[in-house]
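Visitor: Hey, can we walk through this one together? I'd like to start with the charged pairs and then jump around a bit.

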Amino acid sequence: MANPLTLPMVRRSLRNLVARPATRKYPYEIRPSFGGARGKIEFDVTTCNYCMLCMRRCPAEAIRVSREDRIWSIEHLRCIACNVCVEVCSKKSLSMSNQPRKPQTPADGVDGQRPGHEEWHLAAPDTTGAPCPDAETPAAKA
Amino acid sequence: MKRTVIPFGPQHPVLPEPIVLDLILEDERVVDAVPTIGYIHRGLEMMVERVEYTEMGFVVERICGICSFMHGMGYCLSLETIMNVEVPDRAKWLRLIWAEISRIQSHLLWLGLGADAFGFENLFMHCWRMREEILDIFEKTTGGRVIHSVNRIGGVKRDVSDAELAAILVRLEELGKAFKKTASVFATDPSIAHRLVGVGVLSPEDALSTASVGPMARASGLATDTRLGGANLYDQIDFQPVVETAGDCLARVAVRLREVEQSIGIIRQAIDKMPKGEGLPLENRPRGNPAGEAFTRLEQPRGEVVYYVKANGTKYLERFRARTPTFANIPAMIQLVKGCELADVPNIILTIDPCISCTER
């Protein structure tokens, strides 16, 4: 049987007993995110012109856009935070926040929506079948 | 003698990933092992038919969380070959640096898992504490800890400033010093030697005949390393493949221990040699759709990976295929398991560093 004090790990373990812990007391102490970290997609409903480019380019099929019903929605649980939609958005309606999404339970769904699902409606649904006006027109700004 | 069949996995305390193996035993000795591949098949290769080739790189990265950077890089390199795109110099160097950082990350992860497999919980935590530092570097430079999404066809999306690269190097050197102490535990602790020395010996002939790759082959004395081919700027780096000759479990651990230090050296050389300055071009984005086919080989942390891409002139590729290193190492693993004691099976399986997400995609 080897002498335990000659074992290299025993000394380090004893030192660890009195050393500062390597972990944080989450959630009381939260590490701030790094500047360029990709956390969560943020959407600005007032500038979107429903061009649907983000939906077409999303590799995870997380974004759904409907011109007729004027709905822009995202499934955060499908989103892979690759930043493609932010890069292709010509109206700069999409941005990447460096904060990750907070954990949710089924009870946390806002307005009866599923957790992880976010949906925006721009003005009233357009039932006339008229082509979608672009963002400069007053109707879209409403 | 009566034979017993023991299912090993997909759920097993020692396994980080769901490998499926039926062990056939005579008493305590394993006489045969039957692997089954496909338990976590997700059909990622098929997605090229639905996702445009420009965005597919971000899906390819998600084949596996540990080799994510190199998967994205291999896919982009294949398409750059098809479309004849010249990647700007700084982007090439950044890719090399990130690739080596991800090798350090993967080896630290594995060393921790290996320590856990032979019952050294304390060492496992030490390795993973060091890995956290590497993940912080990734989050700072690429924006993601595990899935980086910085590779794009024709270059990289982000630049890392020269000051930040210097800071990363300082951090890695400090990490290297701390790592040396941990590495000495792997090398000198008698309880580790008791579990690993002489267990699962793969002779150089067997390593060759089973076509094993990466640290597995190098631990058996074969100096194979895809990086030696010199592609992706490795011809400008001075390095020698890490080779051990014992071929047992401890040799495979030793190869990975030395490769961590080697990668820090490669990063130091790369930061030295890369073109400096702000605002250098990072991307040379191709126009049009690709047509043709290409093979790409890379040295992942687990060994050689091969990508095959076939494009037909539309924005959707016809075929994408990845032959991953774990898949190449499975025949050698089966050979090692035959004839060993049941209690040694976890160590042998873990030392090939199985990545089942990659293998089954």
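This is a predicted model: local features need pLDDT of at least 70, side-chain atom pairs count only at pLDDT 80 or more; totals for chains, interfaces and linings use all residues.

Visitor: Okay, so Glu299(B), at what relative accessibility does it sit, and is it buried or exposed?

Guide: Glu299(B) has 5% relative accessibility, and since buried means under 20%, it counts as buried.

Visitor: And which side chain does Glu299(B) meet in a salt bridge?

Guide: That's Arg218(B), with 2.9 Å from N to O. Arg218(B) sits in helix 8 of chain B and Glu299(B) in strand 6 (residues 291-300) of chain B, so the pair links parts 81 residues apart in sequence.

Visitor: What about Arg218(B), buried or exposed?

Guide: Buried, at 0% relative accessibility. Arg218(B) also has a salt bridge with Glu259(B), where the closest N and O atoms are 2.5 Å apart. Glu259(B) belongs to helix 9 (residues 249-273) of chain B and Arg218(B) to helix 8 (residues 214-219), so this pair ties together parts 41 residues apart in sequence. Glu259(B) is buried too, with a relative accessible area of 0%.

Visitor: Switching topic: how many salt bridges run between chain A and chain B?

Guide: Six. One of them pairs Arg57(A) with Glu55(B), with the closest N and O atoms 3.0 Å apart.

Visitor: Which elements of chain A give two or more residues to the side touching chain B?

Guide: Helix 1 (8-18), helix 2 (53-57) and helix 3 (84-88) of chain A. Helix 1 of chain A has the largest share, five residues. By type, that side of chain A divides into eleven nonpolar, four polar and seven charged residues.

Visitor: What area is buried between the chains, and how many residues does each one bring?

Guide: About 2,300 Å² is buried between chain A and chain B, and carbon and sulfur atoms give 49% of that. The contact takes 22 residues from chain A and 33 residues from chain B.

Visitor: Last topic, the nonpolar side. Which residues in the largest core touch the most other members?

Guide: That core has 118 residues, and the ones touching the most other members are Leu23(B), Tyr75(B), Leu172(B), Phe186(B), Phe320(B), Val337(B) and Ile349(B). Helix 3 (residues 89-117) of chain B gives the most to this core, 16 residues.

Visitor: What is Ile349(B) in contact with, leaving aside its neighbours within four places in sequence?

Guide: Its contacts are Phe8(B), Leu15(B), Ile19(B), Leu21(B), Met333(B), Val337(B) and Pro354(B). Apart from that core lies another of 15 residues, among them Ile41(A), Val45(A), Cys54(A) and Leu94(A).

Methods: Residues are numbered from 1 along each chain as its sequence is written. Chains are lettered from A and ligands numbered from 1 in the order in which they are written. Side-chain values use heavy atoms; hydrogens and water are left out. A nonpolar core is a set of buried Ala, Val, Leu, Ile, Met, Phe, Trp, Tyr and Cys residues joined through side-chain atoms within 4.5 Å. Buried means under 20% relative accessible area, exposed over 50%, partly exposed in between (1.4 Å probe, protein chains only). Helices (H or I, at least four residues) and strands (E, at least two) are DSSP runs, numbered from the N terminus. Contact means heavy atoms within 4.5 Å. Buried area is the accessible area (1.4 Å probe) that two parts lose on being put together, summed over both. A salt bridge is a side-chain nitrogen of Lys or Arg within 4 Å of a carboxyl oxygen of Asp or Glu. Ala, Val, Leu, Ile, Met, Phe, Trp, Tyr, Cys and Pro count as nonpolar, Asp, Glu, Lys and Arg as charged, and the others, Gly among them, as polar.
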